Amino acid sequence: MGCSAYKCTSACIWSVGAWPRCSEALVFSRAPSEGVGNPIHRFKMSKKTALGAAVALAVVAYGGATWYMGQRAQASYNEALEEVRKVLGAEAVVSQDYQKGFFSSQAKLVLQWTPPADADASKPAEPVRVVVNSAVRHGPLAGARLAAAVVDTRFALDGLDEKATKDFAKVTAPTLTTVHGLMGGHDATLLVPAGEVGDEEVTLRWQEMKTEFSINGDRTRVKGNFQWPEMSFSGVNKSADEDLGGSGERFAMSIKGMTGDFENQIIDGLWMLAPGKGTMRFAQIDATSTPKDGAAKPLMSLKDLAGTTTIDRTGKLMGMSTSLKGKGLIGPVDFESIGFEEKFQRIDADVVKSLQVAMVDGYRKDGFKGMASEEGSEKLLKLLADNAQRLTAALPTYSMKFFATLGGKQGEVSYGGEVTRAPTTEEVAQAGWGPVLLKSSTLHADVVLPKAWLPQLAKAAGQEEFKAEDMDGMIGMAQAAGYVRQEGDNLTSSLKMEG
């Protein structure tokens with residue numbers, strides 16, 4: 001036949017329909033010390049020849065798979081680029097380049113954002129560029145694991161002015177490693193190296209922060225975890241008005257041992273409140289205040305905090321509940337436990353989507369500074385007014401409860417409200433949203449204060465001596481005025497407004 005087993009096997013991989021002819025050639029191929037084309041020896045091909053054919057087949061098959069997965073990786077990159085354009089706007093993408101290779105590819109994306117002009121500045125703001133460099137390793141063996149591709153991405157800022165360059169001098173670019181699974185899912189790890197940003201007035205420091213997450217094959221669910229060992233913030237109040245605390249006092253806050261996990265559904269257009277559940281833990285949270293010419297005073301020192309957040313959705317209505325509980329100092333008072341529970345119920349999901357779109361559009365146009373300006377606030381209020389009819393039609397509710405334990409006694413402060421009737425368009429046109437909502441809603445507040453707390457709270461407020469007769473006199477006056485009631489060892493107070 002004039003075709004060696006090795007050559008024929010290789011040719012067959014790339015020749016559609018050649019398998020029958022190659023099979024025949026292999027059967028009658030020449031074996032060592034045997035005749036040519038003798039049917040009697042058709043199954044006596046040497047082990048070396050068979051092994052060579054298998055290796056050739058594997059190498060060529062792997063090469064084909066690598067090329068195919070390289071094509072898939074480029075297609076996925078282009079899809080992600082389109083998502084970036086949708087969120088940030090087409091004008092934000094300055095340039096993009098994808099250099100595809102056989103075993104690996106290189107991609108470079110440049111995004112640009114121009115901060116809104118500052119009326120006090122003598123020249124317009126310079127545009128800020130984010131440079132995204134990605135190294136793509138093609139599968140099926142990428143990064144020493146089975147995967148369609150592994151992408152290592154680095155982010156860097158470009159075009160910063162002199163002050164910003166100085167402020168960010170101690171910041172190292174974060175890296176994102178994404179593993180594209182063979183079945184369509186993704187695993188990703190975001191690493192933010194330890195760093196510091198700020199100036200003599202405001203400074204933020206952090207240790208290396210790691211976030212891991214995965215997205216399933218049909219992109220309907222994301223889950224992950226994070227480990228952020230320590231973050232700290234400090235700033236100086238330089239307000240000219242000393243009555244407002246502007247005496248050069250420095251405020252500092254640190255968060256240590258922050259960890260957590262999350263799992264959420266992926267719903268198009270609903271990224272801010274996606275249904276799911278998350279947990280978080282804090283080893284310690286400290287806050288201090290240091291006068292200009294004095295020693296640091298502890299404002300708060302909490303530890304062993306654990307919390308959960310749950311977001312659920314039924315039809316178009318959503319609910320969110322958050323809780324956090326720990327122990328520690330608030331001022332000079334050392335609580336055995338302290339925490340809160342917050343709930344939003346019956347929130348229209350379409351309204352949430354509208355607010356998210358407005359936030360993204362506002363950021364693209366004006367940046368964070370513009371969103372926080374008076375004009376930005378007016379736009380947000382107008383958006384809420386435009387969506388208020390849908391929002392109130394769902395009869396939403398809100399509640400918050402703070403609780404703490406001191407000396408074995410638990411105290412509580414809670415408040416909230418609910419819309420009990422959806423206002424009509426005519427009512428809103430006649431009276432406006434404020435008065436109409438007050439008429440169609442119920443508000444409430446409740447306090448449970450253990451009497452045993454009063455001496456310690458008075459001492460914390462600076463009153464060293466708090467006699468029993470003074471306490472009884474205070475309670476008596478409050479009772480006579482109708483502000484509080486005595487119920488066993490507790491003082492209670494309730495307020496309700498409706499209609």
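Which residue with a positive phi follows α10? Helix α10 is followed by G482, whose phi is positive, near 85°. The structure is a predicted model in which local features need pLDDT of at least 70 and side-chain atom pairs count only at pLDDT 80 or more, whereas totals for chains, interfaces and linings use all residues. Residues are numbered from 1 along each chain as its sequence is written, and side-chain values use heavy atoms, with hydrogens and water left out.

Helix α10 comprises residues 468-480; helices (H or I, at least four residues) and strands (E, at least two) are DSSP runs numbered from the N terminus. The end C-alpha atoms of α10 are 18 Å apart, in agreement with the 18 Å that its 13 residues should span at 1.5 Å a residue, the expected span being 1.5 Å times one less than the number of residues. Its buried residues are M471, I475 and A478, where buried denotes under 20% relative accessible area, exposed over 50%, and partly exposed in between (1.4 Å probe, protein chains only). An α-helix has 3.6 residues a turn, so residues three or four places apart point the same way. The buried residues of α10 pack against α9 (454-460), β21 (485-487) and β22 (490-498), with contact defined as heavy atoms within 4.5 Å. The face turned away from the buried side carries the exposed residues E469, M477 and A480.

Strand β7 (residues 175-180) is largely enclosed by the rest of the structure, because five of its six residues are buried. Strand β7 pairs in the antiparallel sense with β6 (residues 149-158) over six bridges, pairing requiring at least two DSSP bridges between two strands. Within this pairing, T177 of β7 is the bridge partner of D152. Six bridges also join β7 to the antiparallel strand β8 (residues 186-192), where A188 is the bridge partner of T178. Five residues lie between the strands in the hairpin of β7 and β8, in which G184 takes a positive phi near 105°.
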